[in-house]
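Hi everyone, thanks for coming. Let me put the structure up, and then we can walk through it together.

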Amino acid sequence: MPEIMTSTNPALAFAGMFQDPTNRWFALYVAVSLAIGCIVFAFEARQDPRLEQEGLLRYLFPKEIYTHRSALADYRFFLVNKLLFAVAFGALVAVSSSSVEVVSFALRALGPSPELPVPRAVAIFVTTILWALAMDFGLWFAHWLLHKVPILWEFHKVHHSAEVLTPLTAGRVHPLDDALNIVCSAICGGVVLAFCRFFFGPHAQIFGVLQLNILVAIFYLFGFHLRHSHIWLPYKGIWGKLFVSPAHHQLHHSVAERHWDKNLGFVFAIWDCLFGTLYAVDRRETIQVGMNGTEEAEYHSVRAMYLLPFVKAWRRAKVHWNSLAGSAIVHPPPAE
Ligand SMILES: [Zn+2]
Ligand SMILES: [Zn+2]
């Protein structure tokens, strides 16, 4: 789910991310991902004695990945981006959340709330699941738009220009890309929450642990930070059709054409199943991370990551307008 930062001081908001359970950078989520990485190492080292010889640290933090120029760019961008936009995103979430109020107002205008006579536990259970599904659908839809709309793809390229995956690649996201994700998920979640409140009344509450919807908290706890890493952790069979595993997302970053525009989901893989964008991870695949092998190098500076998408989007828009203007010209009939 999109990150929400509450402090108005950028430095405090940055530091607070690691202590805030509602933020994906909460220290516990990072630590559990690290622990799961250790377990994966134990399994893989049993089958590959070479791994055992190299040791756990080398397995978890390979030098060629963590000192790659793409990873170094991730670190710089993460720091600058979080400091610059922490406060702005908090405001954006507040604006988007008003969708609950708008839809609630519209529903009340249609008639009185039926306040269905269901037990409180059922109302909370249904609200918790529907809200998580709605927020997640909003993220899937935003991601789909970012891949399918050429101008938006220019902004999403910042994320896909990573040539290696480290947990900080999750923060290698252009602010407009982040904003679209926040708005889409907040609107979808807001609409569903308004409907739940209308039908269940005050019992329409979200069951949370760590101040977070329980489903999202579990998702963050089960190796969220491995999705941007070299550690292969797939969910197979039915689990891989329900949830997006770290391996699903690693394939999403692959340069291979068969993986393009696949596995767009965030928490649930059901949207990818429903809309034909799922690429199952039933067997291990070796992937090269990036886009086309040439464009990635353009995005290794923080300035390029912020500004290049605007330049490229403008160029695309100009080509599009020129082609529209060209097709609108009425050509004179050929001379006889
Ligand atoms: Zn993508
Ligand atoms: Zn990614």
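Let's begin with a pair of helices. Helix H7, residues 120–148, packs against helix H8, residues 150–160, at an angle of about 105°, and their axes are 5 Å apart. Please keep in mind that this is a predicted model. Angles of 65 to 115 degrees count as roughly perpendicular, so that is how H7 and H8 sit relative to each other.

Which residues of H7 and H8 meet? On the H7 side we have Leu-145, Leu-146 and His-147, and they meet Leu-152, Trp-153, Phe-155 and His-156 of H8. Sorted by type, the residues of this contact are five nonpolar and two polar, with no charged ones.

Now for the wider picture. The chain has 14 helices and two strands, and 37% of its 336 residues count as buried. Take the contacts between residues at least 6 apart in sequence: 72% of those join residues at least 24 apart.

On to the nonpolar cores. The largest has 54 residues, and the members touching the most others are Cys-188, Val-216 and Val-267. Several helices each supply at least two residues of this core, among them H6 (69–110), H7, H8 and H14 (302–328). Which helix gives the most to this core? That would be H9, with 12 residues.

Back to Cys-188 for a moment: leaving aside residues up to four places away in sequence, Cys-188 touches Ala-134, Met-135, Phe-137 and Gly-138.

Finally, there is a second, separate core of six residues, including Ile-231, Leu-233, Leu-251 and Val-281. Thanks, everyone!

Note on methods
Residues numbered from 1 in each chain as written. Chains lettered and ligands numbered in written order. Predicted model: local features only at pLDDT ≥ 70, side-chain atom pairs only at ≥ 80, totals over all residues. Helix = DSSP H or I, 4+ residues; strand = E, 2+ residues; numbered from the N terminus. Buried ≥ 20, exposed ≤ 12 C-beta atoms within 10 Å, placed from the backbone. Contact = placed C-beta atoms within 7 Å. Axes fitted to C-alpha atoms, helices over the stretch in contact; angles between N-to-C directions. Parallel < 35°, antiparallel > 145°, perpendicular 65-115°, else oblique. Nonpolar A, V, L, I, M, F, W, Y, C, P; charged D, E, K, R; others polar. Core = buried A, V, L, I, M, F, W, Y, C linked by C-beta atoms within 7 Å.
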